[in-house]
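Here are my notes on this model, as numbered points. Have the structure open while you read.

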Amino acid sequence: MTQAKKARGDAPELVRDEEFWYEDGTIILVARNVQFRVYKGVLADHSSVFADMFSLPQPASTLASTTSAECPVVHLEDSPEDLRHVLRALLPKKSALVDFAAERPTFHEISAQARLGHKYQIDTLFERSLSYLKTCFTTDFDARQRWLTGNRYSQVPVEWGGHGDKVFAIGVVNIARLAQADTILPSALAVCCSLAATRLVKGFEREDGSWERLSEEDLELCFTGMRRLAHEASVAVVTEFARFILPNGCTGEADCQNAINQLLSDYGDNSEPYFPSKNPFRDWDDWITEYWEEEVEPEEDAVCETCSAKILKGFRVQQRDTWKRLPDIFDLPVKDWPI
């Protein structure tokens, strides 16, 4: 049970963390007003920064405390929420350190472990966080398509909250900048471009109540990228519909051409185009199917299977070309991006 410590003067009231307070612990970490009593040997084994920190004489605490003299106290500048995520990885309660893919971590877990893993040189924690993000925000177009399909077409991991939590892509961009992981940036910025402008600028609230936002430079990249990705979407529509030629094997002929002309007309008339420009790399098969199911009158015919296959193949070519140019769309020099 949490035990409140009576504060002296203006000092914050100290509380023991309910999850990480071991009576036989050898070090007390204080994050804001929360105390974590853990094992310094374990932390030092994982982190050279902690090892160096623990080797130095610790100053007397300015916070009220009932801890015994033989257990030193170290004050950290991190939030208790972030520190707790790191301790869960380094001092697991029930199982050994396991792969993130099996854990299905939240964004806040990934973020805390990446940022503090970098800060305290906990290499294993830092590297596996980046590895997880590189799997989601990959450089390979086909791998990204497979990931989107398995992720219910949500542009961020569904365990982060799904479609409504694309805003966490802002945090992914910031982690990539911190880690100098340039290969993550293009696809993460593309997700940011699908956010409403107010959400993009505002960012999101972390667990500790602080706000995470993009830098001014990355905001500029996003607003430029929005315009360029919209242009790419328009080019794909014009290329695949306005210039469409009925293929050999078409069974609908006039009906197919009329259906395609109607879709192109609707695209031009609608302020919110049917074309999935907010997620330009999703599988367009569902979008095409949804359009003809929702927009075409029951007595009218949609395109035949041959024409549909040609359209989808053409869109896939357009997607792949846009993917190849993604670093250029954001003016990013990415050395290992496939072309």
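1. How many aromatic pairs does a search of the whole structure find? The search gives 11, where rings of Phe, Tyr and Trp (its six-membered ring) pair if their centres lie within 6.5 Å, with planes under 30 degrees apart called stacked, over 60 edge-to-face and the rest tilted. One of them is Phe107 with Phe168, stacked at 4.8 Å centre to centre and 10° between the planes. That pair links distant parts of the chain: Phe107 sits in helix α5 (residues 107-119), Phe168 in the loop between α7 (141-150) and α8 (169-179), 61 residues apart.

2. A word on provenance before going on. This is a predicted model, so local features need pLDDT of at least 70 and side-chain atom pairs pLDDT 80 or more, while totals for chains, interfaces and linings use all residues. Numbering runs from 1 along each chain as its sequence is written, and side-chain values use heavy atoms, with hydrogens and water left out.

3. Phe107, Trp160, Phe168 and Phe204 make up one aromatic cluster.

4. Trp160 turns up again in the largest nonpolar core, which has 49 residues; Phe137, Trp160, Ile184, Leu326 and Phe330 have the most contacts inside it. (A nonpolar core is a set of buried Ala, Val, Leu, Ile, Met, Phe, Trp, Tyr and Cys residues joined through side-chain atoms within 4.5 Å.) Elements giving two or more residues to this core include α5, α6 (123-136), α9 (185-192) and α11 (216-242), but α8 gives the most, with 7 residues.

5. Phe137 is worth a click. Beyond neighbours within four places in sequence, its contacts (heavy atoms within 4.5 Å) include Trp160, Val172, Ile184 and Val191. There is also a second, separate core of 23 residues, with Leu29, Phe54, Val86 and Ala89 among them.

6. For the overall picture, the chain has 15 helices and 6 strands, taken as DSSP runs (H or I, at least four residues; E, at least two) numbered from the N terminus. Of its 339 residues, 47% count as buried.

Definitions and conventions. Buried < 20%, exposed > 50% of the residue type's maximum accessible area, 1.4 Å probe, protein only.
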